[in-house]
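Please examine the structure shown below. The paragraphs that follow consider charged side chains, one further residue, and the confidence of the prediction.

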Amino acid sequence: MVSTIQVTWQLSGFGDEIDDDPAVQIAVLQALGANHIEVRSAWGTNIVDLSDEQLQALAALLSEKGMKVSAIASPIGKVDVSLPVEHEVERLRRAVNAAQVLDAKYIRIFSFYYGESVQVDSIRDAVMERMLSLAAVAEEAGVILLHENEKDIFGDVPDRVLDIIETVNSPALKVAWDAANFVQVGVKPFDEGYAKLRPHLEYLQVKDALFANGHVTPAGEGDGDLLKTVEALKSDGYQGFASLEPHLAGAHGLGGFSGPTAFGIAARAFAKVTAEAGVQTA
């Protein structure tokens, strides 16, 4: 049954899942009705590695096209926890600079990989030390870090994500919800994670996946409880971003990739979910 009460969320998407060229990224997203873009890379270069000149060129292009940035999709924390604290602090400072140039409030981060032979509990203190340092940088800069529940990092399941958020206890560290990633680590996203993490949920990343094989699917076609989650977010007043991260055409060196056609399939699948839930996107 379609809800009669309408709310509007801001639609965004990972531009480099469409193409390396930000002009193409913007054109496709705007054709799909989005006025925001999530920036992970441009011209084949990761956001934290773009030169000042490239950042200025990107900012000018976005301004010319009337496109705003929903978040900086940084790789911060997507490294082994054994690296020194300063390694990611310095990279975060570059991400902060990008956020300031591109007028973005949010920076997506992770909570560190660990080796196969390492017990996850044994790295907790090291993770918290690093997350506290990252949050301190964010607080000083006036940006908000969004922790993504990537598989194979410390914060891959709801209990450990909550542990990070509560331990760091910073207004500059919030949750980015990724249902597909939860499915890929055997978690039922809504039943096992939503109630715990909703108080800290600041940003919705849109992709789905299957329990059977971990394969990513368009929204609503997997086991990620996308409809249930969207309905719950709507009912409790969520008014933030929904950022498409389809991962429908394999991967490349900078992260997941879809291409324009598959990205369009993903957008239309999510539109079906939001329409059923009574959520509009703009």
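In this predicted model, the count of salt bridges comes to 16. Side chains of opposite charge can pair when their charged atoms come close.

Consider Asp-156, which forms a salt bridge with Arg-160. The closest N and O atoms of Asp-156 and Arg-160 are 2.6 Å apart. Is Asp-156 buried or exposed? Its relative accessibility is 7%, and because buried means under 20% relative accessible area, Asp-156 counts as buried.

A second salt bridge is found where the side chains of Asp-159 and Lys-196 meet, with an N to O distance of 2.5 Å. Asp-159 belongs to helix H5, which covers residues 158–168, whereas Lys-196 belongs to helix H7, which covers residues 189–197; the pair therefore ties together parts that are 37 residues apart in sequence. Asp-159 has a relative accessibility of 48% and counts as partly exposed. Lys-196, at 37% relative accessibility, is likewise classed as partly exposed.

Helix H7 also contains Asp-191, whose side chain meets that of Lys-228 in a salt bridge of 3.8 Å, N to O. Lys-228 is located in helix H8 (residues 226–235), so this pair, too, links distant parts of the chain, 37 residues apart. With a relative accessible area of 55%, Asp-191 is exposed, while Lys-228, with 37%, is partly exposed. Salt bridges may also share partners: in this way Asp-16, Glu-17, Arg-40, Asp-178, Lys-207 and Glu-245 are joined into one network.

Attention may now turn to Phe-263, a residue of helix H9, which spans residues 259–277. The relative accessible area of Phe-263 is 0%, and the residue is buried. How far apart are the C-alpha atoms of Phe-263 and Glu-64? They are separated by 23 Å, and the two residues lie 199 residues apart along the chain.

The mean pLDDT of the protein is 94, and 94% of its residues reach 70 or more. Which elements have the lowest and the highest mean pLDDT? The lowest mean, 37, belongs to strand S13 (residues 251–252), and the highest, 99, to strand S7 (residues 144–148). Over residues 251–255, pLDDT stays under 50. For these residues the model has 11 contacts beyond four places in sequence.

Technical notes:
Residues are numbered from 1 along each chain as its sequence is written. This is a predicted model: local features need pLDDT of at least 70, side-chain atom pairs count only at pLDDT 80 or more; totals for chains, interfaces and linings use all residues. Side-chain values use heavy atoms; hydrogens and water are left out. pLDDT is the predictor's confidence in each residue, from 0 to 100. Helices (H or I, at least four residues) and strands (E, at least two) are DSSP runs, numbered from the N terminus. Contact means heavy atoms within 4.5 Å. A salt bridge is a side-chain nitrogen of Lys or Arg within 4 Å of a carboxyl oxygen of Asp or Glu. Buried means under 20% relative accessible area, exposed over 50%, partly exposed in between (1.4 Å probe, protein chains only).
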